[in-house]
Amino acid sequence: MSKDKVDLQPSQIAAAKEKGLKNWVEHRLPIFEFMNKELIEYKTPKNLNYFWNFGSLAGITLVVMILTGIFLAMQHTPHVDHAFESVERIMREVNFGWLLRYVHMNGATMFFILFTSICLEAFIMAPIKRPVNSYGLWVL
Amino acid sequence: MSTKQILQKNAKKALKKPTPQTRRDFLILASGAAGAVGAGSFLYPFVSSMNPAADVAAAAEVDVDIKSLQLGQAITVMWRGKPIFIRRRTPEEVQSVQEKDASKFIDPELDKDRIQKPEWLVVVGVCTHLGCVPSGQKPTDNRGEYGGWFCPCHGSAYDVSGRVRQGPAPKNLPIPPYMFLDDTTLRIGKEAPVNV
């Protein structure tokens with residue numbers, strides 16, 4: 001392989017030899033291998049409990065907050081004289097503007113709850129993991 | 001036949017058999033369909049929020065009182081940010097654009113296809129060349145060779161039917177959707193319902 005060529009992942013090389021839309025995408029952007037690796041093959045400790053949900057929940061909430069935030073910013077006027085009017089317009093005139101705003105508001109609360117839960121998990125789990133580390137209790 | 005041969009035969013048979021539809025196939029399809037519906041209903045409000053908002057849509061129609069317009073006069077009204085020329089044409093002006101054959105024109109179109117009532121011409125007053133507003137709304141304006149409108153930017157001339165007759169403009173002045181609510185009121189932005 002010459003130097004100016006990009007190194008391909010093994011899954012990309014395999015996909016290049018096969019036909020079909022999935023392989024066409026995989027050859028150019030190995031997202032299916034990525035999803036398989038991260039969601040299926042990736043090893044997890046066998047003492048998982050429900051506290052481990054909060055990471056992906058926080059990730060989903062972050063995506064929702066970014067999306068609603070961008071779409072709210074499209075309609076908002078960041079000026080001291082016009083900001084209140086533009087928010088009223090979002091609530092009354094923009095299609096689903098009320099929904100985007102309420103999702104953004106409640107998403108912020110949700111994010112706070114999830115982050116608190118993750119911290120709580122660290123505080124509770126740290127003293128019962130080996131090697132025993134009770135710094136979390138010190139913080140509490 | 002040795003045990004090995006039998007095993008190889010069975011393996012070949014198993015390969016030839018088409019794989020049956022399993023419960024797993026069904027579950028993958030069903031959860032995929034549910035996920036697609038969920039993603040669609042999640043994205044719909046986002047896309048919809050970029051469409052014209054209720055206050056914008058409410059301003060999409062303009063009602064114009066044309067009672068005071070005398071023969072030969074014209075007014076300009078704003079509709080969706082564009083100037084609309086409304087002109088009450090004199091019988092002589094109407095007569096001047098009643099030719100039978102328009103095929104020699106830059107954008108061939110007959111006058112009768114561009115109007116609802118012969119006296120009233122309603123066109124979008126934006127030159128189709130580069131978007132200037134042509135002059136000719138006042139009788140004292142330069143109306144060009146054909147008596148309609150003249151674009152001062154690059155010299156396009158329009159006749160009293162709003163058709164381009166000379167100059168760089170490629171298209172006739174477009175006709176906005178409009179309807180007569182009664183004899184003296186014009187609504188721009190909405191077509192009259194078709195009577196069947």
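The model is predicted: local features need pLDDT of at least 70, side-chain atom pairs count only at pLDDT 80 or more, and totals for chains, interfaces and linings use all residues. Residues are numbered from 1 along each chain as its sequence is written, chains are lettered from A and ligands numbered from 1 in the order in which they are written, and side-chain values use heavy atoms, with hydrogens and water left out.

**Chain A overall**

- Chain A has 7 helices and 0 strands, where helices (H or I, at least four residues) and strands (E, at least two) are DSSP runs numbered from the N terminus.
- Of its 140 residues, 18% count as buried; buried means under 20% relative accessible area, exposed over 50%, and partly exposed in between (1.4 Å probe, protein chains only).
- Chain A exposes about 11,200 Å², with carbon and sulfur atoms supplying 66% of it; accessible areas come from the Shrake-Rupley method with a 1.4 Å probe, and for residues only the protein chains shown count as cover.

- Helix H4 (residues 53-75) of chain A has 23 residues and should span 33 Å, which agrees with the 34 Å between its end C-alpha atoms; the expected span is 1.5 Å times one less than the number of residues.
- The buried residues of H4(A) include Phe54(A), Ala58(A), Thr61(A), Met65(A) and Leu72(A).
- Their cover includes helix H5 (83-92) and helix H6 (97-125) of chain A, together with helix H2 (23-49) of chain B; contact means heavy atoms within 4.5 Å.
- Phe96(A), in the loop between H5 and H6 of chain A, has a positive phi of about 60° although it is not a glycine.
- Most residues other than glycine have a negative phi.

**Nonpolar patch**

- Leu62(A), Ile66(A), Ile70(A), Met74(A), Phe111(A), Val47(B) and Met50(B) make a nonpolar surface patch of about 630 Å².
- Patches are made of residues with over 30% relative accessible area and no salt bridge: like charges are joined within 9 Å, nonpolar side chains (Val, Leu, Ile, Met, Phe, Trp, Tyr) within 5 Å.
- H4(A) gives the largest share of the patch, 4 residues.
- Ile66(A) is partly exposed because its relative accessibility is 48%.

**Salt bridges**

- There are 12 salt bridges over all chains, each a side-chain nitrogen of Lys or Arg within 4 Å of a carboxyl oxygen of Asp or Glu.
- Arg89(A) and Asp55(B) meet in a salt bridge at 2.8 Å, N to O.
- Arg89(A) lies in helix H5 of chain A and Asp55(B) in helix H3 (residues 54-58) of chain B, so this pair joins two chains.
- Asp111(B) pairs with Arg89(B), the closest N and O atoms being 3.1 Å apart.
- That pair links distant parts of the chain, 22 residues apart, and both residues are buried.
- Lys112(B) and Asp113(B) form a salt bridge at 3.8 Å between the closest N and O atoms, and both are exposed.
- Glu61(B), Asp63(B) and Arg187(B) are linked in a salt-bridge network.

**Arg163(B)**

- Arg163(B) sits in the loop between strand S6 (157-159) and strand S7 (164-166) of chain B, and counts as buried because its relative accessibility is 0%.
- Its side chain reaches the backbone oxygen of Glu109(B) at 2.6 Å.
- Not counting residues up to four places away in sequence, Arg163(B) touches residues including Phe105(B), Asp111(B), Tyr158(B) and Asn172(B).

Methods
A polar contact is a pair of N or O atoms within 3.5 Å; within protein, one must be able to donate a hydrogen and the other to accept it, and residues adjacent in sequence count only if both atoms are side-chain atoms.
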